[in-house]
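Thanks, everyone. Please have a look at the model on the screen, and then I'll take you through one residue and one interface.

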Amino acid sequence: MKLHEYQSKRVFAQYGVPIPPGKVATTPEEVEAIAREFGGPVAVKAQVLVGGRGKAGGIKLARTPGEAREVAKAILQMTIKGLPVRKVLVDPAVDIAHEIYLGITNDRAAKRPVLMASSEGGVDIEEVARRSPEKIAKVHIHPLLGLQAYQVRDVALRIDLPREQWRAFTKVAFGLWKAYQASDATLAEINPLVITAQGDLLALDGKMIVDDNALYRHPDLAEMRDLDAEDPTEVEARRYGLSFIKLDGDIGCMVNGAGLAMATMDIIKLYGGEPANFLDIGGGATAEKVAAAFRLILADPKVKAVLINIFGGITRGDEVARGILQAMEEVKPEVPMVVRLVGTNAEEGLALLQDADMITAQTLAEAAQKAVQVAKGGEA
Amino acid sequence: MSILVNKKSRVVVQGITGREGRFHTERMVAYGTQVVAGVTPGKGGEWVLDRIPVFDTVAAAVEATGADTSVIFVPARFAADAILEAADAGIRLVVAITEGIPVQDMMRVTTYLREKGTTLVGPNCPGLLTPGEAKVGIIPGNIAIPGHVGVVSRSGTLTYEVVYAMKLRGLGVSTTVGIGGDPVKGLDFIEVLRMFEEDPQTEAVVMIGEIGGSSEEQAAAFIRQHMSKPVVGFIAGQTAPPGKRMGHAGAIIEGGEGTAAEKIKALEAAQVPVARHPEEIADLLAEMLA
C-alpha cells in the first residue's frame with residue numbers, strides 16, 4: 001500500500017526525521033488560510049499516489065496567500081496520470097542549499113534491506129542509477145542487527161556530505177530505518193533530503209510503501225488507505241480475495257494461480273488476441289468467488305469473449321463449474337465463453353457445464369485459439 | 001535418486017489440524033509420503049487419520065518421531081514463528097506453503113536459517129513432488145510420472161500445467177520444486193539448478209520463471225558457467241504492464257527491470273531454449289531428449 005507524501009512524512013517525523021510543518025487542504029480557501037498562517041512563501045503540492053507530480057505541474061510555489069489560493073485552485077482541478085487531485089499539502093517554502101537522496105528498500109537478491117544515498121537528490125533516482133550508478137552509495141542492513149552508525153558514516157563519506165552535517169544525517173538515517181522497520185515498509189524514501197541555507201537537514205518530500213501482508217499488525221497505517229486513489233475494480237476484487245488488474249484488450253481471463261494467469265494472457269497475445277485483464281481467483285475458489293470474478297470481467301463493455309482456464313489442485317473443477325453457472329444466472333453474459341478445466345474434479349465440472357452454452361477445450365493452446373477466434377466474431 | 005525429498009523423508013506437518021493442513025496431509029499420506037507427525041500448539045496428544053500423532057511443539061515431534069522435514073500450513077501471521085521453530089528443533093528441510101508472510105519477517109527468517117544451515121523452500125509455494133516416492137506440499141500427485149527431468153518453478157498451477165503436458169508426452173519428472181512467488185524466499189533457482197546438476201537421476205531441467213526481480217538473469221549466468229545438463233525455460237508475464245503487481249508478491253516490473261523480455265534474452269544467451277507457451281515446454285524437451 002502506497003502512502004501519500006504527507007502521510008509518509010508524518011510517519012518519518014514520529015521517528016525523529018525533521019519535516020516542514022505542512023498542512024493538508026482540500027479547497028483553495030483552506031490553502032489561502034494556511035499560507036496566511038505560515039506568513040511567507042509556500043509550496044502547494046498535489047497529493048496523488050504516482051511519481052512525476054512535479055513534471056506534471058502538480059507542485060507550485062506561491063509568494064502570497066492570494067497566489068497560493070490561485071495555484072491550489074488549478075492543482076485541485078488536475079488529473080495526474082489518470083488520478084484526480086483531491087488534496088494538496090501546503091509546506092512553508094525552504095531556502096535550499098543542496099539536495100540529497102536517501103532511501104531504504106528491500107534488496108530481494110540479497111534478502112536484506114538496503115540503504116541508498118546520493119548527492120544528486122531531487123531528481124528521478126532511477127535515472128541517476130541508470131546514468132551514473134557510481135553516484136549512489138549503497139549499504140546492506142543486517143535484518144537481525146539493524147542499521148549501524150558506522151554504515152551511515154561510510155555512506156556520508158561516499159556521497160561527500162560535509163562533516164558538519166554528519167550528526168544530523170545520522171539522526172535522519174536512523175529515523176528512516178526505524179520508520180521502515182516499525183511500519184513493515186518495502187520502501188521508505190526521502191527525495192530530496194535538503195540542506196537548508198541555514199545548514200539544517202529537512203525531509204522535503206517523502207514516499208513510503210507498506211507491505212500489504214503486514215497491514216494486520218499496523219491498524220493505524222491500514223486506516224490511511226486512500227480508496228479514492230485506487231482503481232475501484234481492484235478494490236472490489238480485493239474484497240473477494242481476488243487478484244485483478246484491468247488491461248486494454250477484449251478477451252476476459254479467469255484463471256487460478258498468478259503464474260498461470262500471466263501465461264494465459266501471454267498465449268492469448270501469442271495467437272493474435274489481446275487480454276482484457278489479469279485475474280487470479282486463487283486457490284480453493286468457492287462458487288461466490290467465481291461469481292464475483294465473473295461480474296468483474298463482464299463489467300467491462302469491451303470484453304468480447306471470456307477464457308476460463310482452471311488447473312485444479314486445491315481448486316476443484318466442480319466447484320468452479322457451479323460458480324460459473326451461478327454467475328451466468330446472475331449476470332446473463334452475452335459474450336461467448338471458452339472453458340478449459342483440468343485436474344481435480346475436472347470431469348465432474350465439465351459434466352455440470354454440459355448444458356450451458358459454452359465452448360470447451362482440452363489444451364491451453366486450443367482454448368486460447370478458440371477464444372481469439374470468437375472474440376473476432378468467428379466460429380470456434 | 002531425486003533431490004530434497006524421497007520415500008525416506010520423515011515429514012512433520014505444522015498446522016496439521018487446520019482445514020488445509022488436514023486435507024493435504026491426507027493427500028500426502030495417500031501418495032505414500034511418510035508423514036510421521038503433526039504439530040498444532042495446544043492440540044498435543046490428538047491424532048490425525050487415526051495414525052499420525054499431534055504434538056504441541058516441533059521439538060517434541062522431532063524427539064518422538066525422528067522427523068527431518070517439515071511442511072508448514074499455518075496462517076501467515078504465525079508462519080515466521082513456525083519456520084524458526086522448525087529450524088531450532090533440528091529440522092533439515094522446511095517447506096513453507098503459507099501465502100502472505102510479511103517480507104520483513106522473511107528477511108529475518110532467511111538470515112537466521114542460513115546461520116543454522118536449515119534449507120527453506122518457499123514460502124507461498126506448492127512444495128515438492130518426487131513422483132513415485134513422496135510429495136511434500138500441495139502439488140496433485142497424479143499429474144506427473146517418475147522420470148529424469150527436474151522442474152523448478154516460481155509458480156504453482158503453471159508448474160502443474162507443464163508437468164501434466166510432459167506426462168501426456170510420456171516425459172517423467174525426477175523432482176519438481178516450487179520455490180514460490182515471494183520476493184524474499186528460501187531456495188532460489190541457482191541453488192536448485194546446482195542440485196539437479198549433481199543429481200544422477202536428472203538428465204534435463206525445466207526452469208519456469210516469471211516477471212519481477214532478477215533471479216532468472218542470475219540463473220542464466222549460472223547455467224552458462226556451471227550446467228552441463230540441458231535446460232529448457234519459460235517466462236510468464238510477457239504481456240504484463242510495468243508497476244502492476246500480478247498476484248504474486250514478487251511479480252512486478254519495477255523501474256523497467258524484471259521484464260519478461262530481459263529474462264528471455266538472458267536465457268537464450270545461455271543457450272536455453274525458451275518456450276512461447278507452457279505446453280510447448282514438453283515439445284522442446286521431447287526434441288532435446290530425442
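A:N256 sits in the loop between β15 (251-255) and α9 of chain A. Helices (H or I, at least four residues) and strands (E, at least two) are DSSP runs, numbered from the N terminus. This is a predicted model, where local features need pLDDT of at least 70, side-chain atom pairs count only at pLDDT 80 or more, and totals for chains, interfaces and linings use all residues. Residues are numbered from 1 along each chain as its sequence is written, chains are lettered from A and ligands numbered from 1 in the order in which they are written, and side-chain values use heavy atoms, leaving out hydrogens and water.

Is A:N256 buried or exposed? Buried, because its relative accessibility is 2%; the cut-offs are under 20% for buried, over 50% for exposed and partly exposed in between (1.4 Å probe, protein chains only).

What does A:N256 touch? Contact means heavy atoms within 4.5 Å. Leaving aside neighbours within four places in sequence, its contacts include A:D280, A:N309, A:F311 and, from the other chain, B:T157. A polar atom of the A:N256 side chain lies 2.8 Å from the backbone oxygen of A:F311.

A:F311 takes us to the interface. There, 51 residues of chain A contact 58 of chain B. A:F311, with A:R108 and A:K111, supplies 19% of the area that chain A buries against chain B, more than any other three residues. Buried area is the accessible area (1.4 Å probe) that two parts lose on being put together, summed over both. Here the total is about 4200 Å², with 59% from carbon and sulfur atoms.

Key. Polar contact = N/O pair within 3.5 Å; in protein donor to acceptor, adjacent residues only side chain to side chain.
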